[in-house]
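I opened the structure and kept a notebook while looking things up. The entries follow the order in which I checked them.

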Amino acid sequence: MSILAEKEAEKQITVYRKDYQASDFQVEQIDLEFDLDKNKTQVIATFLIRRIQKSKLGNLVLLGHHQSLKKISLDGKPLAPLNYIWSGETLTIPHFPDKGTLRIETEIDPEHNTTLSGLYYADQLFCTQCEAQGFRRITYFLDRPDVMTKYTTTITADKSEFPVLLSNGNLIDKGDIAGGKHWVKWHDPFKKPSYLFALVAGKLDCLEDTYKTLSGRRVTLRIFVEMGKKERAHHAMYALKQAMEWDEKAFGREYDLDIFMIVAVSSFNMGAMENKGLNIFNDKYILVDPTTATDADYDAVTLVVGHEYFHNWTGNRITCRDWFQLSLKEGLTVFRESLFMQEQTSSILRRIQDARTIRSSQFAEDAGPMAHPVRPDSYVEINNFYTVTV
């Protein structure tokens, strides 16, 4: 399906800030299983759901886009089509119990996912981008920032084609399968919203180091890059360690997992993304060549690496209620990024640069037809919400 046809197929609905209502349901935990294939990736999502308002008997409505629904079961019993309502973009289960385990099997086509949202396949690599609403392209879910849960992710793929299999959290198990496949299992012990889920699979080189936290824990640091580019990732590793040390010193925020990973690839459509424990970057914000890079190139890498790392607390562990609060996580993290860069370079020069950005970009936005408040009353397309003002 072309991008135009796909856009036309999705209903453009205006979302109003005044209409916010808390979810009637909370997801206690989710187990995701991926059997990766370029055109027919099988996804099994098993999640424990609890009704928050037990006095209500409302329906459970899950969101989804562009996936084939294969099977549904509740508490181990298959659901017949008469027991749910599937519209393609929503999956509704009437009179969901106060607590239940829902298992949903779907199939997706990463290679033809030209939106580069959700799980997609490009340049011989599987990659995800779930902010703001990409997770619903992976499975049917309560895809909203105020529904936070613990994720366990199992990935199976061909070992020769995809030797590196990554997701959020800590690696807890792995193994080989007859026929040339292998699998890994990742577990994130901290609750997070679905927009922070990440998965990467492919052939990648790795630069590894360690960092000793303020409390004495050893954290493994890994930067994954396309083959042959590892030597240009050393400054990014240095910047990451500087950011971790600065966040401890300035804000008392210590990193909370056993491993922190960055994946930097040329096919990533966003600049960088702060997925919990597995940041994904376009490699122009990671790679620098000492023979050609300028001071500005080094500063750009330091700034973006720091910004995405600082999101671990301002955005990931403490997140938004809804997307109208986007400025809370982005504005606060930009502020922390600015303080960090003032210490890494020159406080005066950094303040001048920040003022130039406001005058050249934000003032122009505020004085033109794109002017809008920091927290607008409504939006039609959430991706248009990522502005200099916000």
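**Entry 1: the model.** I noted at the start that this is a predicted model.

**Entry 2: helix α2.** I looked up α2, which covers residues 234-251. How far apart should its ends be? At 1.5 Å a residue, its 18 residues should span 26 Å, and the end C-alpha atoms are 26 Å apart, so the two values agree.

I then listed the residues of α2 that are buried: H235, A236, M237, A239, L240, A243, M244, W246, D247 and E248. Buried here means under 20% relative accessible area. I also recalled that an α-helix has 3.6 residues a turn, so residues three or four places apart point the same way.

What covers the buried residues of α2? The cover includes the strands β17 (205-212), β18 (218-225) and β19 (259-265), and also the helices α3 (295-310) and α4 (326-344). After α2 comes G252, and its phi is positive, near 70 degrees.

**Entry 3: α2 against α4.** I checked how these two helices lie. Their axes come within 11 Å and cross at roughly 110 degrees. α2 and α4 are therefore roughly perpendicular to each other. On the α2 side, the contact is made by A239, Q242, A243, W246, D247, K249 and F251. On the α4 side, R336, L339, F340, E343 and Q344 make it. Sorted by type, the residues of this contact are six nonpolar, two polar and four charged. A239, A243, W246 and D247 of α2 take part in the contact, and they are also on my list of buried residues.

**Entry 4: helix α3.** I repeated the length check on α3. Its 16 residues should span 22 Å at 1.5 Å a residue, and its end C-alpha atoms are 22 Å apart, which agrees. The buried residues of α3 are V301, T302, L303, V304, V305, G306, H307, E308, Y309 and F310. Among the elements that cover them are α2, α4 and α5 (347-366). The strands β19, β20 (272-273) and β21 (278-282) also belong to this cover.

**Entry 5: Y285.** I found Y285 in the loop between β21 and α3. Is Y285 buried, partly exposed or exposed? Y285 has a relative accessible area of 25%, so Y285 counts as partly exposed. Leaving out residues up to four places away in sequence, Y285 touches G271, V301, V304 and V305. V301, V304 and V305 are buried residues of α3. I also looked up the pair Y285 and D297: they are 12 residues apart in sequence, and their C-alpha atoms are 8.5 Å apart in space.

Entry 6: Strands of a sheet pair through backbone hydrogen bonds, either parallel or antiparallel. I looked up an open sheet with the order β4-β8-β7, and its pairing is antiparallel. β4 (60-63) and β7 (85-86) stand at the edges with a single partner strand each, so one side of each has no neighbour in the sheet.

Four bridges join β4 to β8, and two bridges join β7 to β8 (residues 90-93). Which residue of β8 is the bridge partner of V61? The partner of V61 is T92. T92 is also the bridge partner of I85. β7 and β8 form a hairpin with three residues between them, and G88 in the turn has a positive phi of about 95 degrees.

**Entry 7: a sheet of four strands.** This open sheet has the order β10-β11-β16-β13, again with antiparallel pairing. Its edge strands are β10 (118-122) and β13 (164-167), and each pairs on one side only. On average, neighbouring strands are turned by 15 degrees against each other, direction ignored. Two bridges join β11 (residues 125-129) to β16 (residues 199-202), and C127 has V200 as its bridge partner in β16.

**Entry 8: one more hairpin.** I looked up β14 (residues 170-177) and β15 (residues 181-193), which run antiparallel and are joined by seven bridges. L171 has W186 of β15 as its bridge partner. Three residues lie between the two strands of this hairpin, and G179 in the turn has a positive phi of about 100 degrees.

Conventions
Residues are numbered from 1 along each chain as its sequence is written. This is a predicted model: local features need pLDDT of at least 70, side-chain atom pairs count only at pLDDT 80 or more; totals for chains, interfaces and linings use all residues. Side-chain values use heavy atoms; hydrogens and water are left out. The expected span of a helix is 1.5 Å times one less than its number of residues. Buried means under 20% relative accessible area, exposed over 50%, partly exposed in between (1.4 Å probe, protein chains only). Contact means heavy atoms within 4.5 Å. Axes are lines fitted to C-alpha atoms, for helices over the stretch in contact, and angles run from 0 to 180 degrees between N-to-C directions. Angles under 35 degrees count as roughly parallel, over 145 as roughly antiparallel, 65 to 115 as roughly perpendicular and the rest as oblique. Ala, Val, Leu, Ile, Met, Phe, Trp, Tyr, Cys and Pro count as nonpolar, Asp, Glu, Lys and Arg as charged, and the others, Gly among them, as polar. Two strands pair if DSSP finds at least two bridges between them.
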